[in-house]
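I opened a new structure today and wanted notes on its charged pairs, its core and its surface. My entries follow in the order in which I looked.

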Amino acid sequence: MMANPEHACTSIDQPPDNRTNYFGSWIVLIRRYGCSFEQKVRVAQRANYSAAIVHNVNSSELGNILCS
């Protein structure tokens with residue numbers, strides 16, 4: 001699912017409920033920039049997504065993410 005709002009620096013919409021007859025995991029696609037990766041992932045967790053993918057905007061360059 002695409003995050004709404006796309007930057008996910010604030011609360012985002014949750015995945016569809018069980019009316020879709022899908023009981024697997026939901027992954028959210030989030031636009032890079034606007035706030036930290038940590039903030040974006042925490043927002044996705046609060047919205048009940050199983051995983052988050054943060055993507056570049058108007059760029060195909062790969063960047064490093066440092067985890068501590």
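**Notebook: charged pairs, core, surface**

I began with E6, which is partly exposed at a relative accessible area of 36%. The model is a predicted one, and I read every value with that in mind.

I then looked up the partner of E6. Its side chain meets that of R31 in a salt bridge, with 3.2 Å from N to O. The pair links distant parts of the chain, 25 residues apart: R31 sits in strand β1 and E6 in the segment before β1. R31 also counts as partly exposed, at 30% relative accessibility.

How many salt bridges does the structure hold? I found two. One of them joins E38 and R42, whose closest N and O atoms are 3.0 Å apart. These residues lie four apart in helix α1, so about one helical turn separates them. I noted E38 as partly exposed with a relative accessible area of 49%, and R42 as partly exposed at 43%.

Next I turned to the core. The largest nonpolar core has nine residues: A3, A8, I12, V28, I30, V43, A44, A47 and Y49. Strand β1 and helix α1 (37-46) each supply at least two residues of this core. I checked A44 for contacts beyond four places in sequence, and it touches I12, V28, I30, Y49 and A52. In soluble globular proteins, nonpolar side chains tend to be buried together.

I27 belongs to strand β1, residues 27-31. I27 is partly exposed, at a relative accessible area of 44%.

Notes. Residues are numbered from 1 along each chain as its sequence is written. This is a predicted model: local features need pLDDT of at least 70, side-chain atom pairs count only at pLDDT 80 or more; totals for chains, interfaces and linings use all residues. Side-chain values use heavy atoms; hydrogens and water are left out. Buried means under 20% relative accessible area, exposed over 50%, partly exposed in between (1.4 Å probe, protein chains only). A nonpolar core is a set of buried Ala, Val, Leu, Ile, Met, Phe, Trp, Tyr and Cys residues joined through side-chain atoms within 4.5 Å. Contact means heavy atoms within 4.5 Å. A salt bridge is a side-chain nitrogen of Lys or Arg within 4 Å of a carboxyl oxygen of Asp or Glu.
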